[in-house]
Amino acid sequence: MELGWLLWGAAVLLLLHVLMELSPAVNFVLRVGFYYLLCVVSSALTVPVCLLVNGGRTVKNMRRVAGGGGIIKTVVKTFKYFFGLRFEVKGLENFEVEGPAIIVSNHQSMLDMMGLMEVLPDDCVQVGKKELMYAGTVGLVIYLGGVIFINRKSTTSAKMVMAEVAKTMATDKVKVWVYPEGTRNCTGDLLPFKKGAFHVAVQAQVPVIPVVYSSFTTFYNPKKNLFTSGKIKVEVLPPIETKGLTSDDVSDLTDRCFRIMRETLFRLSGRPS
């Protein structure tokens, strides 16, 4: 009986392997499905650990604070080995600013979570879309990691959340990670930046630290059913100071950051600017 099940299991695995080799669509669906399954299972196992070790919702669960915690980061950093992804990181020393800061980065796909955990600095919380709260155990573990949720469909709500972000940053002395494009963009280019994060930076007079990930399109492209192994280049750029700036300078600050990040994106991706 057990031998029969083993043979059936081996046959199914062999069939899946053949289909993955023959059909890019099957390969894409199976790899994406496995990614979601990995997220669900790992988050279900991580939630009780976060509760037992750190007692509930705290940035300590996401990334260590003063030498403790870091449970979620430790788990997510193992994902890259399942998908054959390699990260080449430069400029981590640029995170070493005293006090709070706004970190902005490009936002490409569901795989961004792995890239985030590769470089996430100490004492850093993320701003994420409100819909993530309802993603089962994944939403719960993100909540426990201290993520600040924003309703992208409500301008009033978004402004209130960004005001809360500024308050949290000042009170808890943390860095805040924001995706200024506002949504995923797997085109190999940048979408126009929303100004909320830059308003907060100017209001709080804290530096903006740009982080750029090379384009995923050579190994991950849903439109082409492409999902293979690959290398991701990550560069943390020098902080952009905001001391002395006012609300009148927000547009220029946003445009400056956009230009710097776009040029870096093209350079890291081997594209002409």
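**Close-up views of a predicted model**

**View 1. The largest pocket and what α2 gives to it.** With six residues, α2 contributes the most to the lining of the largest pocket. The model shown here and in the other views is a predicted one. Other elements also take part: α3, α5 (112-119), β3 (124-129), α6, α7 (155-172) and α8 (196-204), like α2, each supply at least two lining residues. The volume of the largest pocket is about 1300 Å³.

**View 2. The centre of the largest pocket.** Of the 50 residues that line the largest pocket, Val127, Gly128, Lys129, Leu132 and Tyr179 lie nearest its centre. Sorted by class, the lining consists of 28 nonpolar, 15 polar and seven charged residues.

View 3. Helix α6 covers residues 136-144, and its buried residues are Val138, Gly139, Val141, Ile142 and Leu144. In an α-helix there are 3.6 residues a turn, so residues three or four places apart point the same way. Among the elements that cover the buried residues of α6 are α2 (24-54), α3 (71-76) and β4 (148-150). α6 is also one of the elements that supply at least two residues to the lining of the largest pocket. After α6 comes Gly146, which has a positive phi, near 90°.

**View 4. The second largest pocket.** The second largest pocket has a volume of about 150 Å³. Gly146, the glycine that follows α6, is part of its lining.

**View 5. Lys173, a residue with positive phi.** Lys173 is not a glycine, yet its phi is positive, at about 55°. Lys173 sits in the loop between α7 and β5 (175-178). Its relative accessibility is 54%, so Lys173 counts as exposed, the cut-off for exposed being over 50%.

**View 6. Gln205, a residue with positive phi.** Gln205, which is not a glycine either, has a positive phi of about 55°. The loop between α8 and β6 (208-213) holds Gln205. Gln205 counts as partly exposed because its relative accessibility is 29%.

Technical notes. Residues numbered from 1 in each chain as written. Predicted model: local features only at pLDDT ≥ 70, side-chain atom pairs only at ≥ 80, totals over all residues. Heavy atoms only, no water. Buried < 20%, exposed > 50% of the residue type's maximum accessible area, 1.4 Å probe, protein only. Helix = DSSP H or I, 4+ residues; strand = E, 2+ residues; numbered from the N terminus. Contact = heavy atoms within 4.5 Å. 1 Å grid on protein atoms, 1.4 Å probe; cavity = no way out; pocket = protein on both sides within 12 Å on 5 of 7 lines; lining within 4 Å. Points joined across faces, edges and corners; volume = space filled by probe spheres on them. Nonpolar A, V, L, I, M, F, W, Y, C, P; charged D, E, K, R; others polar.
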